[in-house]
Amino acid sequence: MSVTAPRGFRAAGVAAGLKASGGADVALVVNDGPDAGVAGVFTTNRVKAAPVLWSQQVVQGGVVRAVVLNSGGANACTGPAGFQDTHATAEHTASALSAVSPRLLLGAGEVAVCSTGLIGARLPMEKLLPGVRTAIRELSRDGGPAAAEAIMTTDTRPKTTVARGSGWTVGGMAKGAGMLAPGMATMLCVLTTDAVAGPAALDEALRAATRVTFDRVDSDGCMSTNDTVLLLSSGASGIEPTPAELAAAVTSACHDLAQQLIADAEGATKQVAIDVVGAASEDDGVEVGRSVARSNLVKTALFGNDPNWGRILAAVGTTSAAFEPDEVDVAVNGVWVCRGGSAGEDRSKVDLTGRDVTIRIDLHAGDATATIWTNDLSHAYVHENSAYST
């Protein structure tokens with residue numbers, strides 16, 4: 001049931017005509033309470049879409065009753081007029097929801113807005129706003145899957161998750177298949193919980209979760225202008241978990257969604273986990289893993305089923321991490337093809353015919369570890385991103 005698995009939430013996904021395909025393109029998630037706490041993390045790209053700027057302000061207020069999301073247009077790099085479009089969307093959503101659900105009586109400042117799609121063009125408000133009204137009419141406890149479908153762009157399938165606590169639940173949906181690189185979160189994601197948790201507790205749990213999940217996904221090294229992850233609490237379970245319990249459930253949900261994102265990365269034929277061990281610090285491990293994940297030479301070698309450890313070692317060498325080059329070991333799918341910075345086991349022993357690939361890099365510089373998830377670079381990725389705007 002995705003975002004509607006926790007009690008207190010309704011959702012909908014409808015087609016408003018924003019997508020040329022005619023597919024669903026407007027989603028709405030509503031928190032019926034009794035609580036309405038919120039936390040959010042957003043792209044650190046200096047070029048931020050209007051919905052990001054709006055929702056950052058909304059989250060600071062600590063209360064969100066509704067999230068309206070659209071695909072078919074990013075509303076990024078659209079200037080003051082684009083921000084006004086976002087504001088108008090929030091106002092329209094608040095007014096229309098209040099009219100049909102008087103007990104909500106929400107204002108625009110309690111509506112977060114998310115958009116995804118092509119950058120540089122204003123949204124057709126004459127289609128978006130009627131779409132919002134349609135979504136309001138279709139809100140239901142079973143609307144989570146439809147909402148998850150409506151936020152898809154180049155995704156090939158919707159991405160949803162559920163994590164269970166003791167008498168309470170975390171649900172979620174996400175979209176993302178390209179421009180997956182961290183500035184915090186890498187995509188659009190709405191998480192919900194019926195646990196009793198205020199904004200501070202939600203923020204702590206969300207930041208702990210994204211740090212080791214969404215922030216570790218690095219598909220193509222390209223940071224989006226629209227990245228948003230929101231966590232809403234309804235308090236409908238009446239149960240207040242400990243901070244550790246809440247963080248564990250949110251992290252579990254985020255991890256599941258992060259793996260679905262990398263599995264659906266544009267054009268990917270390989271799903272790659274880069275495990276860095278023996279690092280002097282976690283930051284060193286992350287830097288090394290990300291350098292390998294962003295190496296086009298490594299990614300194309302994997303596409304060609306080539307366990308080219310020299311390219312991996314060269315990528316490691318571009319970092320500022322602490323290590324001695326003649327002490328680094330590298331394994332590909334369990335075969336230590338590099339030992340002590342030189343050739344190790346016979347590389348022909350490496351089986352790369354499957355989809356899952358694990359690269360293990362031992363720096364022999366400390367006890368810290370980190371994992372980065374990425375994918376290969378294929379002909380299909382180049383084709384999709386060269387033709388996407390048309």
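A reminder before we start: the model is predicted.

Let's take helix packing. Two packed helices are described by the angle between their axes and the distance between the axes.

First pair: α1, residues 50–60, and α2, residues 79–100. Their axes lie 8 Å apart, at an angle of about 50 degrees. Angles under 35 degrees would count as roughly parallel, and roughly perpendicular runs from 65 to 115. So α1 and α2 are oblique to each other. Their crossing is right-handed. Who touches whom? On the α1 side, A50, P51, L53, W54 and Q57. On the α2 side, G82, F83, T86, H87 and A90. By class, that contact has six nonpolar residues, four polar and no charged.

Next, α2 again, now with α3, residues 125–137. These axes come within 10 Å and cross at roughly 30 degrees. That makes α2 and α3 roughly parallel, therefore. This crossing is right-handed. From α2, the contact uses D85, A88, T89, H92, T93, A96, L97 and V100. From α3, it uses M125, L128, L129, V132, R133 and I136.

Last stop: α8, residues 296–303. Which residues are buried in α8? They are V298, K299, A301 and L302. Looking down the axis of α8, its buried residues fall within an arc of 160 degrees, so they line one face of the helix. The cover over them includes helices α7 and α9, plus strands β10, β14 and β15. After α8 comes N305, with a positive phi near 60 degrees.

How values were computed: Residues are numbered from 1 along each chain as its sequence is written. This is a predicted model: local features need pLDDT of at least 70, side-chain atom pairs count only at pLDDT 80 or more; totals for chains, interfaces and linings use all residues. Side-chain values use heavy atoms; hydrogens and water are left out. Buried means under 20% relative accessible area, exposed over 50%, partly exposed in between (1.4 Å probe, protein chains only). Helices (H or I, at least four residues) and strands (E, at least two) are DSSP runs, numbered from the N terminus. The arc is that of the directions from the helix axis to the C-beta atoms. Contact means heavy atoms within 4.5 Å. Axes are lines fitted to C-alpha atoms, for helices over the stretch in contact, and angles run from 0 to 180 degrees between N-to-C directions. Angles under 35 degrees count as roughly parallel, over 145 as roughly antiparallel, 65 to 115 as roughly perpendicular and the rest as oblique. A crossing is left-handed if the near helix is turned anticlockwise from the far one by less than a right angle, and right-handed if clockwise. Ala, Val, Leu, Ile, Met, Phe, Trp, Tyr, Cys and Pro count as nonpolar, Asp, Glu, Lys and Arg as charged, and the others, Gly among them, as polar.
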